[in-house]
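Good morning, everyone, and thank you for making time for this.

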Amino acid sequence: MAHVLIIGGGPAGCSAALTLRLRGAEVTILRAGASALEKAKRVDNYPGLPETAGGEMQRRFSEQAEKAGARIQNGLARLIQKTRRGFTVLAGEEMIKADAVLLATGVGRVARIAGEDALVGMGVSYCATCDGMLYKGRPVAAVCRDASFREDVDFLKSICPVDYYMEKPHEAPDGVNVIAGKPLSVRAEGERVILTAESGEKAYDCVFILRPAVALTTLLPKLEMNGEAVKVDEKMRTSVEGVFAAGDITGAPYQVARAVGQGNTAALSIAQYLNEKGETK
Ligand SMILES: Cc1cc2nc3c(=O)[nH]c(=O)nc-3n(C[C@H](O)[C@H](O)[C@H](O)COP(=O)(O)OP(=O)(O)OC[C@H]3O[C@@H](n4cnc5c(N)ncnc54)[C@H](O)[C@@H]3O)c2cc1C
């Protein structure tokens, strides 16, 4: 049975999951945290569920998708790679294989530090547990947005001397050398990466950037964008064959009904795509 990985467990992802299950696909929904809908105190413009709190509506969407047989897994997708047969998606420390991928990650904008994109894989890493051992005993920096990467930082400091930088103020883990001032930019200098912060600059063998969100151009570098939104056609196909997108990720208006409709359209297109590839049951 073909496996579809849906990245994002909001209205778009849950809607797509329902239709894909009915079309006989195996479905995993990967979600990194709450959906935008859960922040809505009350939604009045979704048919059939009047005056419903966003949290309650999301609970029902997720429950229905699970009852239909979709597997819901917590985790942040960090990187999508195309393989000969389909895709592998790095989620935490796990590699998930899929025949098709639906991006339903909502609007989330991820602020980055200057120079970061160009150095990914060349002295900048988003995964301490994946790449940490490559830098065993060598000086590294951990750049953290919040305290949620404590385990990753603990792992790093067990093998390397770690300087700790904060993108936003929070409590630093024990045993790291906290560098004052926000990190501003990274640049390569020979084999090393120079990290410039408000307080000055320092060279490292690797800069680990650990954030609870991933920019779309980092997740899938070849994805064509329309400003902040992912470019899709009327079938919700993106510029990368086998990767579809639905919901707020495709741009305004940001509405539950639109996200649900696009999720449904994307699911039908994915089913057709898998059929043409001969991947359905
Ligand atoms: C305060 C507020 C009030 C609102 N009120 C209304 C209203 O009254 N009516 C209305 O129609 N709309 C309303 N909206 C908009 C509505 O909530 C959105 O349009 C809708 O939730 C979009 O659904 P989505 O599935 O596209 O994205 P989201 O609901 O944002 O879901 C995105 C999902 O992707 C996950 N994710 C993101 N990145 C990753 C990653 N790298 N790996 C794994 N998972 C990831 C997130 O954790 C989340 O589960 C409101 C929004 C807000 C914030």
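Let me begin with a definition: two strands pair if DSSP finds at least two bridges between them, where strands (E, at least two residues) and helices (H or I, at least four residues) are DSSP runs numbered from the N terminus. Before I use it, please keep in mind that this is a predicted model, in which local features need pLDDT of at least 70 and side-chain atom pairs count only at pLDDT 80 or more, while totals for chains, interfaces and linings use all residues. Residues are numbered from 1 along each chain as its sequence is written.

Now to the strands. Five of them, in the order β8-β15-β9-β10-β11, form an open sheet with parallel pairing, and its edge strands are β8 (124-125) and β11 (177-178), each of which pairs on one side only. The partner of β8 is β15 (residues 206-210), joined to it in parallel by 2 bridges, and here Ser125 stands opposite Phe208 in β15. Elsewhere, β13 (residues 192-197) and β14 (residues 200-204) pair in the antiparallel sense over 5 bridges, forming a hairpin with 2 residues between them, and in this pair Ile194 stands opposite Ala203 in β14.

Let us turn to the domains, whose bounds come from an automatic or database domain assignment. That assignment gives domain 1 (3-109 + 214-277) and domain 2 (116-210), and their centres, taken over C-alpha atoms, are 31 Å apart. If we call two residues in contact when their C-beta atoms, placed from the backbone, lie within 7 Å, then 4 residues of domain 1 are in contact with 6 residues of domain 2.

What surrounds the ligand? Counting a residue as near when its C-beta atom, placed from the backbone, lies within 6 Å, we find 34 residues around the ligand, the closest being Gly8, Gly10, Ser35, Gly106 and Gly247. The elements that give two or more residues to this shell are α1 (11-22), β2 (26-31) and α7 (256-277).

Finally, consider Glu38, which lies in the loop between β2 and α2 (54-67). Is Glu38 buried, exposed or partly exposed? A residue is buried with 20 or more other C-beta atoms within 10 Å of its own, exposed with 12 or fewer, and partly exposed in between, again with C-beta atoms placed from the backbone; Glu38 is partly exposed because it has 15 such atoms within 10 Å. Leaving out residues up to four places away in sequence, Glu38 touches Gly54, Gly55 and Gln58.
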